Amino acid sequence: MRRAACLILAILLLTLPAAAAEAGAADGSGGGADALTAAGAGISVPEVAAPSAILMEKVTGEILYEKNSHERRPPASVTKVMTMLLIAEAVDSGEITLEDEVTASAGAASMGGSQVWLEEGEVMTVSDMLKCIAVVSANDCAVAMAEYISGSEDAFVERMNARAAELGLEDTHFTNCTGLFDDNEHYTSAYDIAVMSRELMLHDWIRDYTTIWMDSIRDGEFGLSNTNKLVRHYEGCTGLKTGFTSEAMYCLSATAERDGMELIAVIMHSESIESRNRDASSLLNYGFAGFELCSLRPEGALPPVRVILGESDSVQPVCEGDGALLLPKGTLTDVERTVALADSVPAPVSAGDRLGTLTVVSSGETLAELPIVAGSDVGRLSSWALLARLLGQLVSCGDN
């Protein structure tokens, strides 16, 4: 009888329809938090003198303030946010290293505007080149790096525009890597700058360069002082890039972090350095005073989900999405997180397959529902492996 029971069980396992296992999966519409549109908790929206500006939170990408944020304008040296992004991505992908030595071409050495007076044939590491770009907005170093990565500035600019397209920046087009030259075809917007700044700050190590106040190159013979005075004078400032030309006027992408929340304030076409810094500081103050991040992650590790007929017995579930929700300060009370997970799923499982839902509730109100998905692939057992497992089960049943 026991052998017969084991045989019936084996047949059931072989013929188990996938639909039956799928029925055990937790059902939920999911979806992240809605875009934040409310003003900060009792905090007045600041008056911004610049004609175009935006305030964005880095983790969620939520917009806390905007003024003509999609208006196309020349960005001056804030262009170098994209230049630094491509350098950072080249470093992290292994395409280049910070220790690589870069030789300045005649073209790079001939650049005007902000520079460190590279000489043709001068050799400098990628690290020092990047430091000069981040701290003093060195046009010569930007061109040298463009040539080093892509062979020519023109090829690098093509890469800049391709990356802008990948980021969905509809109001951006570059014709150079410095922002030194104003023309009708070189433009971006406050919103697009915020997005590319957000992408750049995902490379945490870039802060080692963008937070430098004073430093030097050439064995201390040439001093550097950051053009972004907020690095010294604004609490928690993490960067990022200033710019000025007579057409673009005073521009700035300013980033700052406090209490685990990082904000990006972009100011375009300000009348003066003082006005630009004042606008950026006001926006950052507004964000920090009025908003806070609520973690959407479960407290503790999620239990593994059993995989039926899988090469592995289980798969580890993970939460999908930003993992945080931005809310007006003071609105978070008695936050509860509940997890609904499937008891089991049939093989094969692909990374990203839905396994359940994390629901975040505060004062009886659902703040967010976050999809819980498979963290890795789990293949289905081959026929031979399945047969071996069934035979093992039959032997085990016989021993009993």
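The protein chain has twelve helices and 18 strands. The model is a predicted one. Of its 400 residues, 49% count as buried. Its accessible surface comes to about 18,100 Å², and carbon and sulfur atoms hold 50% of that. Contacts reach across the sequence: among those with a separation of 6 or more, 67% join residues 24 or more positions apart.

Start inside. In soluble globular proteins, nonpolar side chains tend to be buried together. Here the largest nonpolar core has 65 residues. Met82, Val116, Cys132, Cys141 and Met145 touch the most other members. Several elements give two or more residues to this core: the strands β1 (52–57) and β9 (261–270), and the helices α3 (80–92), α5 (126–136), α6 (139–150), α7 (153–166) and α8 (190–201). Helix α3 gives the most, with nine residues. A second, separate core has 24 residues, including Val48, Cys237, Leu263 and Phe291.

Now take α5. This helix is mostly covered, with nine of its eleven residues buried. The buried set runs through Val126, Met129, Leu130, Lys131, Cys132, Ile133, Ala134, Val135 and Val136. Leaving out residues up to four places away in sequence, Cys132 touches Val116, Met124, Ser137, Ala138, Cys141, Ile217 and Leu224. Of these partners, Val116 and Cys141 are again among the core members that touch the most others. Just after α5 comes serine 137, which takes a positive phi of about 60°.

Threonine 242 sits in strand β7 (residues 237–245). Why does threonine 242 count as buried? Its relative accessible area is 7%, and the cut-off for buried is under 20%.

Trp384, Leu387 and Leu391 make a nonpolar patch of about 370 Å². Leucine 391 belongs to helix α12 (residues 383–399). Is leucine 391 buried, partly exposed or exposed? Leucine 391 counts as partly exposed because its relative accessibility is 46%, which lies between the cut-offs of 20% and 50%.

Definitions and conventions:
Residues numbered from 1 in each chain as written. Predicted model: local features only at pLDDT ≥ 70, side-chain atom pairs only at ≥ 80, totals over all residues. Heavy atoms only, no water. Patch = residues over 30% accessible without salt bridge, like charges linked within 9 Å, V, L, I, M, F, W, Y side chains within 5 Å. Areas by Shrake-Rupley, 256 points an atom, 1.4 Å probe, with all protein chains shown as cover. Salt bridge = Lys/Arg side-chain N within 4 Å of Asp/Glu carboxyl O. Helix = DSSP H or I, 4+ residues; strand = E, 2+ residues; numbered from the N terminus. Buried < 20%, exposed > 50% of the residue type's maximum accessible area, 1.4 Å probe, protein only. Core = buried A, V, L, I, M, F, W, Y, C linked by side-chain atoms within 4.5 Å. Contact = heavy atoms within 4.5 Å.
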